[in-house]
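Open the model in your viewer and keep the selection panel at hand. This tour goes from one selection to the next.

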Amino acid sequence: AVVGLIGLNSIVFVCWQNPALQPFMNKYFYQRATSRSVLPILLSNFSHNSLMHFGFNMFALWSFGNGVGNTLGFAHLINLYIAGIY
């Protein structure tokens, strides 16, 4: 589960770096108060502003994720990751 979350975050981070994907990323991965969809709220959990932000978050996920997953279960880890962002 930890490797999957890191992989998903990595894919989203790389997509943000591609200028051709900016309209798509802004529509689906950027949360706005005026958005009429719930999808950006969920998908924005996988977005990071900078390489440092991405790196520190993935380091923390790697460091603590397996312990939390082993204690609570990996389904709960994924739920905690999604709900715990806010």
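Predicted model: local features only at pLDDT ≥ 70, side-chain atom pairs only at ≥ 80, totals over all residues.

Numbering runs from 1 along each chain as its sequence is written, and side-chain values use heavy atoms, without hydrogens and water.

**The core.** Select Val12, Phe29, Met58, Leu61 and Tyr81. Of the 15 residues in the largest nonpolar core, these touch the most other members. Such a core is a set of buried Ala, Val, Leu, Ile, Met, Phe, Trp, Tyr and Cys residues joined through side-chain atoms within 4.5 Å; buried means under 20% relative accessible area (1.4 Å probe, protein chains only). Now colour helices H1 (2–17), H4 (51–72) and H5 (74–84), the elements that give two or more residues to this core. Helices here are DSSP runs of H or I, at least four residues, numbered from the N terminus. H1 supplies the largest share, six residues.

**Leucine 61.** Zoom in. Beyond its neighbours within four places in sequence, Leu61 is in contact (heavy atoms within 4.5 Å) with Val2, Leu5, Ile6 and Tyr81.

**Asparagine 9.** Move to H1, where Asn9 is found. Is Asn9 buried or exposed? Buried: its relative accessible area is 0%. Leaving aside neighbours within four places in sequence, Asn9 is in contact with Asn45, Phe46, His48, Phe54, Met58 and Tyr81.

**The lining.** Select Trp16, Gln17, Phe29, Tyr30, Gln31, Ser44, Ser47, His48, Asn49 and His53. They line the second largest pocket. A pocket is an open set of points on a 1 Å grid over the protein atoms alone, where a 1.4 Å probe fits, with protein on both sides within 12 Å along at least five of seven lines; lining residues have an atom within 4 Å of a point.

Methods:
Buried < 20%, exposed > 50% of the residue type's maximum accessible area, 1.4 Å probe, protein only.
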